[in-house]
Amino acid sequence: MAADCIFCKIAAGELPSEIVYSDDQVVAFKDIRPVAPVHILIIPRKHIPDLTAITEEDRELLGHIHLVAVEIARQMGLSERGFRIVNNCKEEGGQVVYHLHFHLLGGRQLRILG
Ligand code: 5GP
Ligand code: ZN
């Protein structure tokens, strides 16, 4: 756990959030400022600052995150309609919180870049 990381604190239950899924590797919770009817953030419990910091060791974890994303999408009724998974990487990618996370977006027609 990284000091002063809000997503580490959410994963540890030290900050409130609306958790929709949790296991020993991953936590998923509702984005505080949703941009779509479904807007879930899926994070590893492990503190990884951004996508460029992944290593070979994280291969299984990244696959697991995607399996969890699809399962949540299914539970939210999106698996037939479709959805989007987004990772914003570093400053020009629009990353604001430096704990790796994937946005699961859906429930409305999404455009090419939003
Ligand atoms: P980024 O731009 O880093 O990919 O996205 C960070 C996301 O985290 C934003 O969509 C923002 O609304 C969300 N967020 C920031 N702080 C909190 C928080 O304390 N709780 C929750 N649930 N979401 C947060
Ligand atoms: Zn963290």
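Leaving aside its neighbours within four places in sequence, with which residues is His-101 in contact? The views below take up this residue and its surroundings in a predicted model, in which local features need pLDDT of at least 70, side-chain atom pairs count only at pLDDT 80 or more, and totals for chains, interfaces and linings use all residues. Residues are numbered from 1 along each chain as its sequence is written, while chains are lettered from A and ligands numbered from 1 in the order in which they are written.

View 1. Beyond its neighbours within four places in sequence, His-101 is in contact with Phe-7, Leu-41, Ile-42 and Ile-43, where contact requires C-beta atoms, placed from the backbone, to lie within 7 Å. His-101 belongs to the loop between β4 (84-86) and β5 (102-106), strands being DSSP runs of E of at least two residues and helices runs of H or I of at least four, numbered from the N terminus. His-101 counts as buried because it has 26 C-beta neighbours inside 10 Å, the limits being 20 or more other C-beta atoms for buried, 12 or fewer for exposed, and partly exposed in between.

**View 2. The open sheet of 5 strands, in the order β1-β2-β3-β5-β4.** The pairing in this sheet is antiparallel, and two strands pair if DSSP finds at least two bridges between them. The edge strands are β1 (19-22) and β4, each of which pairs on one side only. Strand β3 is joined by 5 bridges to β2 (residues 26-30), with Val-26 opposite Pro-44, and by 5 bridges to β5, with His-39 opposite Leu-105. Of the 7 residues of β3, 6 are buried.

**View 3. Ile-48 in the loop between β3 (38-44) and α2 (59-75).** With 19 C-beta neighbours inside 10 Å, Ile-48 counts as partly exposed. Apart from its neighbours within four places in sequence, Ile-48 is in contact with Ala-53, Ile-54, Asp-58 and Leu-100. Ile-48 and Tyr-98 lie 50 residues apart in sequence, and their C-alpha atoms are 7.9 Å apart in space.

**View 4. The 13 residues that surround ligand 1.** The closest of these residues are Ile-32, Arg-33, Asn-88, Val-96 and Val-97, a residue being taken as near if its C-beta atom, placed from the backbone, lies within 6 Å of the molecule. The shell around ligand 1 divides into 6 nonpolar, 4 polar and 3 charged residues, where Ala, Val, Leu, Ile, Met, Phe, Trp, Tyr, Cys and Pro count as nonpolar, Asp, Glu, Lys and Arg as charged, and the others, Gly among them, as polar.

How values were computed:
Two residues are in contact if their C-beta atoms, placed from the backbone, lie within 7 Å.
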